[in-house]
Amino acid sequence: MTEKTNTKTLVQQYFQATQSNNASTWAACLASDATVADPVGSQAIKGTDAILGRGKEFMANFETVGLYPEFVSVDNLRAAAKWTGKGVTKNGRSVKFEGINFFEFNETGKIANLVGLWNPNDMVELPAKII
């Protein structure tokens, strides 16, 4: 990892990638041998193919989706972030969900370990906008 790239910047890049609606962009933030337990309680996965598959599976449910950080705390190559997810499902429902991610980065600036504490069953449908 270069001196100019700090962990907080890497976390911000991760959240920007989640907002891209592109599983490959999201997966590129993770090391090729990364371990992902997201959401906690699901089977942990390891490696590029499994990570990309998980991202595609999740994003396939949405027209648009992204995670938006509300608070980030950094300790060297580790970080924790509280976030809110927002999306529009394939059937047009606007939803919101919340969670906390724990990150461990390797020396090259890639996520080596990602743990996501959230529950997909806690997604809340937002009321339709009144025009």
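Reader: Which residue has a side chain that meets that of Arg93 in a salt bridge?
Author: This is a predicted model, in which local features need pLDDT of at least 70 and side-chain atom pairs count only at pLDDT 80 or more, while totals for chains, interfaces and linings use all residues. Residues are numbered from 1 along each chain as its sequence is written, and side-chain values use heavy atoms, leaving out hydrogens and water. With a salt bridge taken as a side-chain nitrogen of Lys or Arg within 4 Å of a carboxyl oxygen of Asp or Glu, the side chain of Arg93 is paired, at 3.6 Å from N to O, with that of Glu125.

Reader: How many residues apart in sequence are the parts that Arg93 and Glu125 tie together?
Author: Strands are DSSP runs of E with at least two residues, helices are runs of H or I with at least four, and both are numbered from the N terminus. Arg93 lies in the loop between strand 4 and strand 5, whereas Glu125 belongs to strand 7 (residues 124-125), so the separation in sequence is 32 residues.

Reader: Is Arg93 buried, partly exposed or exposed?
Author: Buried means under 20% relative accessible area and exposed over 50%, with partly exposed in between (1.4 Å probe, protein chains only). The relative accessibility of Arg93 is 36%, so this residue counts as partly exposed.

Reader: Which helix gives the most to the lining of the largest pocket?
Author: On a 1 Å grid over the protein atoms alone, a pocket is an open set of points where a 1.4 Å probe fits, with protein on both sides within 12 Å along at least five of seven lines, and its lining residues have an atom within 4 Å of a point. The largest pocket has 22 such residues, with Asp38, Arg54, Gly55, Phe58 and Trp118 nearest its centre, and the elements that supply two or more of the lining residues include helix 1 (7-18) and helix 3 (48-59). With five residues, the biggest contribution comes from helix 3.
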